[in-house]
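Reader: Could you walk me through the packing and strand pairing in this one? I'd like the cut-offs along the way.

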Protein chains: 2
Amino acid sequence: VDDGRPHPTAGDLGEHALIERVAPRFGPPAEGEVWSGDDTAAFRWPEGELLFTTDLMVEDVDFKLAYSSGFDVGWKLVAANASDIAAMGGRPWRAVASIALRPETEIAFVDALAEGMAALSNDLGLGLVGGDFSSGREISASVAMLGIASDRGPILRSGARIGDALCVTGTLGGAAGGLLVLEEQIVAPGSGERETLVAASQRPRPRVDEGQILADYAHAMIDLSDGLAVDLGHITEASGVGCEIELGAVPPHESLNWLCDKRPHTDPVSLAITGGEDFELLVCLDASDLSEARARLDDQGTSLTRIGVVTDGPARIGDRDLEDWRAEGWEHLHNR
Amino acid sequence: VDDGRPHPTAGDLGEHALIERVAPRFGPPAEGEVWSGDDTAAFRWPEGELLFTTDLMVEDVDFKLAYSSGFDVGWKLVAANASDIAAMGGRPWRAVASIALRPETEIAFVDALAEGMAALSNDLGLGLVGGDFSSGREISASVAMLGIASDRGPILRSGARIGDALCVTGTLGGAAGGLLVLEEQIVAPGSGERETLVAASQRPRPRVDEGQILADYAHAMIDLSDGLAVDLGHITEASGVGCEIELGAVPPHESLNWLCDKRPHTDPVSLAITGGEDFELLVCLDASDLSEARARLDDQGTSLTRIGVVTDGPARIGDRDLEDWRAEGWEHLHNR
């Protein structure tokens with residue numbers, strides 16, 4: 001709603017006032033810890049190995065303000081980092097953020113960004129303990145996150161064994177479908193399907209509880225940020241193995257059929273294989289552990305689908321090499 | 001040297017090739033650790049509390065390519081973060097970086113950026129364990145760093161006690177002087193003074209060893225990133241105290257007299273009080289500990305100068321309130 005009054009901007013406030021404005025959303029600090037307001041945050045490490053990662057989102061590259069709210073951007077930034085922690089089988093613990101704002105960025109956007117970060121952080125039990133603001137010609141935001149590895153240590157990409165079952169959590173291609181809906185302005189008033197796809201794209205939920213359960217079984221694990229074809233390649237390359245994926249076993253997002261009715265020449269299975277940013281987990285485990293792992297994920301309301309097997313041959317999806325799928329993958333769709 | 005051949009750019013390589021290109025500069029991983037190449041880095045915490053901070057530098061706001069090389073930017077980004085760790089009395093340990101590059105950014109710049117980060121990281125014994133590249137319309141780089149607090153725990157801004165000696169390491173105003181030299185293109189062929197000031201601005205050395213020594217005595221400590229007037233205010237406000245600073249005791253950088261000859265109406269003491277980015281330490285300690293602390297810093301080749309005292313009165317520098325100094329401080333000089 002434009003009420004005719006000037007809206008305060010990032011340039012009006014400046015760095016220190018911005019920090020004072022957003023920090024309370026993320027506090028108070030946990031008992032005995034130092035969060036925002038000193039030279040650094042300070043805290044003890046509870047137990048286990050540290051996992052440490054960072055992810056950066058830049059305006060017009062990783063998000064567009066035409067269809068992403070500040071809340072969406074903040075949520076997704078925390079989600080992308082937490083998903084990397086989940087892919088190691090760990091639990092998100094503490095994070096810091098670096099945010100560049102255009103001087104004319106409205107404070108309402110900054111508030112929404114902080115609200116989105118805080119909403120998912122609180123859900124995950126993650127403490128956002130500090131950060132830094134600067135200005136720029138475009139908005140960019142990066143989060144660096146620490147996670148606690150499980151007792152079994154970090155689950156690497158390199159541990160896949162020949163004969164392992166290859167499984168994915170949830171369904172695939174929803175985020176890519178949602179992005180198509182937004183970029184091509186496919187409208188469908190009152191359509192739950194449309195909103196479901198958009199939410200998959202803008203408010204992904206990292207599989208944090210699932211990753212910790214799967215750490216009890218996983219030989220190798222990765223989160224699907226660049227799409228199945230690309231991320232599966234990271235596993236097979238790091239592990240020095242091949243794979244056979246059954247096309248019919250790959251679970252497309254349930255609302256992609258709706259999208260295919262609206263948009264000719266759209267193939268749900270192809271989107272499920274090449275679409276990025278679903279933040280589901282791809283895991284390699286003993287076939288004998290599959291039913292137990294599946295039962296425990298069922299209790300979380302999350303499916304675990306066996307899509308193929310690790311082999312000592314080439315890496316293939318259906319009757320095509322992984323490389324062919326990668327060539328038409330997410331990076332093209334994403335115009336990068 | 002322009003050899004007429006096209007220079008490869010960030011856009012030519014893309015994210016994965018960029019990571020593969022720069023990661024070897026920072027490896028191999030320490031024994032038993034995971035660094036670049038998986039979903040996150042993973043390592044054990046050696047001992048003591050964690051310090052966690054982040055700092056962001058944006059092109060044309062925090063640095064200008066007209067006078068900062070890629071090496072300078074990478075060096076200063078690590079320096080700014082390490083200085084925050086030093087100000088808590090800690091030791092830099094592990095870091096991750098998030099870098100946005102313009103697609104047309106030359107790979108030579110990326111190499112230099114990585115080289116600058118690696119040079120100071122190696123000096124400090126800091127492991128740069130992972131990172132993320134994206135693209136943007138301007139170059140921006142953020143580092144998130146973990147440090148190990150000393151046995152005495154983190155040294156906060158809030159611990160200053162009435163009667164404490166207020167001391168600074170090294171000399172002040174050199175970085176601001178160097179920035180003036182660069183921005184106003186003050187030339188002086190063969191002048192060691194000019195180069196000394198430029199180096200103070202572009203290649204600051206964080207006081208990491210000094211911070212760990214001072215942690216044995218400090219009641220409160222901060223690094224001088226925004227200038228003495230501003231950062232002293234952070235100490236007095238957080239501690240709920242005042243101070244008296246003697247103008248004549250503040251140690252200006254030794255090359256500022258040369259600058260004042262070249263540039264009318266420049267006052268070394270004023271630059272020393274308001275200039276930012278010296279990354280010296282400001283520390284509050286018992287006057288009775290001063291000689292021992294000073295002797296130990298002398299062994300490092302670093303001076304420790306008593307500039308004033310913590311009081312229960314107002315915060316003053318010379319015969320003016322701190323607020324008056326802040327109003328003409330670094331943020332104005334820096335056009336922010």
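Reader: Why is β2(A) largely enclosed by the rest of the structure?

Author: This is a predicted model, where local features need pLDDT of at least 70, side-chain atom pairs count only at pLDDT 80 or more, and totals for chains, interfaces and linings use all residues. Residues are numbered from 1 along each chain as written, chains are lettered from A and ligands numbered from 1 in written order, and side-chain values use heavy atoms, without hydrogens or water. Strands are DSSP E runs of at least two residues, helices H or I runs of at least four, numbered from the N terminus. Buried means under 20% relative accessible area, exposed over 50%, partly exposed in between (1.4 Å probe, protein chains only), and β2(A) is largely enclosed because the buried ones number nine of its nine residues.

Reader: Which residue of β1(B) is the bridge partner of A:L50?

Author: Strands pair if DSSP finds at least two bridges between them. β2(A) runs antiparallel to β5(A) over nine bridges, with A:L50 opposite A:I148. β2(A) also pairs antiparallel with β1(B), residues 41-43, through three bridges. There, the partner of A:L50 is B:F43.

Reader: Which members of the largest nonpolar core touch the most other members?

Author: A nonpolar core is a set of buried Ala, Val, Leu, Ile, Met, Phe, Trp, Tyr and Cys residues joined through side-chain atoms within 4.5 Å. The largest one has 42 residues, and the members touching the most others are A:L101, A:M117, A:F133 and A:M145.
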